[in-house]
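Please find below my comments on the structure that was passed to me for review.

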Amino acid sequence: SSGGPPAESTPGVSCSLAVRYDLVLGADLLFFESHGALACALDRLLHPTRGAALLCQPSRKGSMERFAAHPAVKARFHVDLKGPGGSGSGGSPGYDREVARLHQQYLQDPDYDPSIHAPGLIVLTRHGAPPQG
């Protein structure tokens, strides 16, 4: 317990799902492999027509790709999976020049494992929603 009042009794804070969000940001959410539950949670949090989620995390031996391919995710969202960029990232053009540059630099380091160190980006948008950009 936080020791404070419950969120529902705190002025300006709502626990109601009557509030839906245009954008949800998340990082390192996929390693527990609760992909269906996360898809349902994002579905409930995001605005029904224009909501989008940006999830950033390494592949972690395929957990990012398994999430992107999960039936609960695909049923609710259009999935755009982006690697860090450059060679060694599955041919993805990347999502940020500086991340791609650093990824290329770190590929020379024997302790660098792209599966656990290189941040990928998953962009989830509602089916039929206008493209994000």
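The points below move from the overall fold to individual residues.

1. The structure is a predicted model. Its secondary structure consists of 5 helices and 4 strands, and these follow one another along the sequence in the pattern β-α-β-α-α-β-α-α-β.

2. The protein has 133 residues, of which 33% are buried. The exposed surface comes to about 8,000 Å², with 58% of it supplied by carbon and sulfur atoms. Among the contacts with a separation of 6 or more, 70% are between residues 24 or more positions apart.

3. The sheet. The 4 strands form an open sheet of mixed pairing, in the order S1-S2-S4-S3. Strands S1 (23-27) and S3 (77-82) stand at the edges; each has a single partner strand, so one side of each lacks a neighbour in the sheet. From one strand to the next, the twist averages 15 degrees.

4. Pairing of S1 with S2. In general, the strands of a sheet pair through backbone hydrogen bonds, in either a parallel or an antiparallel manner. Here S1 and strand S2 (residues 52-57) run parallel and are joined by 5 bridges.

5. Histidine 35. Is histidine 35 buried or exposed? With a relative accessibility of 4%, histidine 35 counts as buried, because the cut-off for burial is under 20%. Histidine 35 lies in helix H1 (residues 35-45). Leaving aside residues up to four places away in sequence, histidine 35 touches Leu30, Ser63, Arg66, Phe67, His70 and Val73.

6. Cysteines. How many disulfides does the model contain? The count is 0 disulfides, where a disulfide would require a pair of cysteine sulfur atoms within 2.5 Å.

7. Proline 114. Proline 114 is found in helix H5 (residues 114-117). The relative accessible area of proline 114 is 24%, so proline 114 is classed as partly exposed, a class that lies between the limits of 20% and 50%. Proline 114 and glycine 83 are 31 residues apart in sequence, and their C-alpha atoms are 9.8 Å apart in space.

Technical notes:
Residues are numbered from 1 along each chain as its sequence is written. This is a predicted model: local features need pLDDT of at least 70, side-chain atom pairs count only at pLDDT 80 or more; totals for chains, interfaces and linings use all residues. Side-chain values use heavy atoms; hydrogens and water are left out. Helices (H or I, at least four residues) and strands (E, at least two) are DSSP runs, numbered from the N terminus. Buried means under 20% relative accessible area, exposed over 50%, partly exposed in between (1.4 Å probe, protein chains only). Contact means heavy atoms within 4.5 Å. Accessible areas come from the Shrake-Rupley method with a 1.4 Å probe; for residues, only the protein chains shown count as cover. Two strands pair if DSSP finds at least two bridges between them. Axes are lines fitted to C-alpha atoms, for helices over the stretch in contact, and angles run from 0 to 180 degrees between N-to-C directions.
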